Amino acid sequence: MLSTHPIQMPFDFRRLCSVTSWSLFPGMTAKAVGDAHAMAEERSDVPDQPFYHESILLEEVVHFLAPSEGRLIVDGTLGGGGHTEALLRAGAAVKGIDRDADARNYATERLARFGGRFEAVAGCFSEISRLAEIGNWGKLDGILLDLGVSSHQLDAGERGFSFRFDGPLDMRMGDEGATAADLVNGWDEADLRQIFWDLGEEKFARKIAAWIVQKRQKAPFETTLQLADGIEKLIGRRGRTHPATKVFQALRMEVNDELGELRRFLEVAPALLKIGGRLAIITFHSLEDRIVKQTFRDASKAEIDRPEWPAPRPNPDHVYRLLTRKGVAPGGEEVSRNARSRSSRLRVVERIKTPVL
Ligand SMILES: C[S@@+](CC[C@H](N)C(=O)[O-])C[C@H]1O[C@@H](n2cnc3c(N)ncnc32)[C@H](O)[C@@H]1O
């Protein structure tokens, strides 16, 4: 049963304050970062796993976005439409943005019964202002982002996201721009090293980048397994996590400019929300989570202070009220049902009336 009102709390509200270990960044370990992609690669053993994607922190999202009749919510990462469906069932209208045509087609079919209350929209969530203007959406009651890849994208070998299948080294969520193969075969060693280190926190970044550059002189990398098996031979396997996990994560994030998308979205989001409208973001990666956490925190402070100032001053960027001080983690039951949820965190803010300074 889904909650549609903040008073009905279907989950233990105390868990909102239970995520003490998530302040791991910047001291967050490479293992924790790699876990995000490794978890995404893990299949849940539950037999009734949905065909497309199992939605994460579903009840919590519904609780915070409080969907109801007459409200308009944008799901900026439509995917299989699981979150969107819960919002529609509670009575809201939803515009579901996705850059992936497979996701839009699947969700359109799944959600057809909601008629005109649902619309799938092609594009990137960083373009939300333009999409809202074209669609004449007006101010929004809520926005949701559930970042990263869907299980469907990972499970479709031909999309090239996964080292579990042999496929073209592609990794694009949409159908434009450079592929992972373009990066691996064309980028300088220093640039490859940098993204493996920054986005994957891969401690063998230097060794792997040097090996790629040497190997591609003979023949370009074309498939996922060429890269994954080569990395496994190069650095060996320890434990359950595949040694190519962090490199694959880094390439995926770079190919889809995932951090750039998030930053550009966060800049425009406040102007799209009604006063009282809410923004909920689920992250899976420490860098993403740090960006969201800092942006929400900075925009929720009434005052800013500097040592050189005689007194604190009003914050001109004060546009939000923070609803999740520490981020919401999935409960034990969700984690055991869906291993992929383990590294997820939900952060939510509410648009406030901008103070006149
Ligand atoms: C984790 S899945 C979302 C799953 C969805 N919440 C559900 O319940 O089924 C993320 C989806 O967002 C899409 N996506 C990721 N980054 C995007 C971006 N910058 N703009 C638009 N869509 C994006 C992906 O193509 C993918 O389908």
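Visitor: What does the secondary structure of the protein come to?

Guide: The protein has 14 helices and nine strands. The model is predicted. Each of these helices is a DSSP run of at least four residues, and each strand is a run of at least two.

Visitor: What is the mean pLDDT of the protein?

Guide: The mean is 88, and 85% of the residues reach 70 or more. Over residues 1-35, however, the pLDDT is below 50, although this stretch has 66 contacts in the model beyond near neighbours in sequence. Residues 43-49 are also below 50, with eight such contacts. Since pLDDT is the predictor's confidence from 0 to 100, both stretches should be read with that value in mind.

Visitor: Why is L140 called buried?

Guide: The cut-off is 20 or more other C-beta atoms within 10 Å. L140 has 21, so L140 counts as buried.

Visitor: Where is L140 found, and which residues does L140 touch?

Guide: L140 is in strand β4, residues 140-146. Leaving out residues up to four places away in sequence, L140 touches L72, I73, V74, L272, L273, K274 and G277. L140 and I275 are 135 residues apart in sequence, while their C-alpha atoms are 9.1 Å apart.

Visitor: How many of the contacts in the protein join residues at least 24 apart in sequence?

Guide: Among contacts between residues at least 6 apart, 71% do. As for burial, 46% of the 357 residues in the protein are buried.

Visitor: What makes a set of residues a nonpolar core?

Guide: The members must be buried, must belong to the listed nonpolar types, and must be joined through C-beta atoms within 7 Å. The largest such core has 55 residues, of which V61, L65, I73, L87, I143, L279 and A280 touch the most other members. Beyond its neighbours within four places, I73 is in contact with residues including L65, L87, V94, L140 and I143. A second, separate core of 29 residues includes L169, V184, A209 and V255.

Visitor: How do you know that strands β1 and β2 pair?

Guide: DSSP has to find at least two bridges between two strands. Strand β1 (residues 72-75) and β2 have four bridges, in the parallel sense, so by that definition the strands pair.

Visitor: What makes β2 mostly covered?

Guide: Six of its six residues are buried. A93, K95 and I97 are on one side of β2, with V94, G96 and D98 on the other, and both faces are covered.

Visitor: How many residues of helix α2 are buried, and what do those residues pack against?

Guide: Helix α2 (residues 58-65) has seven buried residues out of eight. These are L58, E60, V61, V62, H63, F64 and L65. The buried residues of α2 pack against β1, α3, β4, β5 (273-283) and β9 (345-351). Just after α2, A66 takes a positive phi of about 40°.

Visitor: Which residues of helix α4 are buried?

Guide: In α4 (residues 101-110), the buried residues are A103, R104, Y106 and A107. The buried residues of α4 pack against α3, β2 and β3 (118-122).

Visitor: L57 and N136: buried or exposed?

Guide: L57 has 23 other C-beta atoms within 10 Å and is therefore buried. N136 has 6 C-beta neighbours inside 10 Å, and the limit for exposed is 12 or fewer, so N136 counts as exposed.

Visitor: What is the phi of L57, and what is the phi of N136?

Guide: Phi is near 50° in L57, a positive value in a residue other than glycine. Phi is near 55° in N136, also a positive value in a residue other than glycine. L57 is placed in the loop between α1 (30-41) and α2. N136 is in the loop between α5 (128-135) and β4.

Visitor: How many residues surround the ligand, and which are the closest?

Guide: There are 21 residues around the ligand, the closest being S55, T77, G79, G80 and G82. Both α3 (82-89) and β2 (93-98) supply at least two residues of the shell.

Visitor: How many residues of each class does the shell around the ligand have?

Guide: The shell has five nonpolar, 11 polar and five charged residues.

Terms used
Residues numbered from 1 in each chain as written. Predicted model: local features only at pLDDT ≥ 70, side-chain atom pairs only at ≥ 80, totals over all residues. Near = placed C-beta within 6 Å. Nonpolar A, V, L, I, M, F, W, Y, C, P; charged D, E, K, R; others polar. Contact = placed C-beta atoms within 7 Å.
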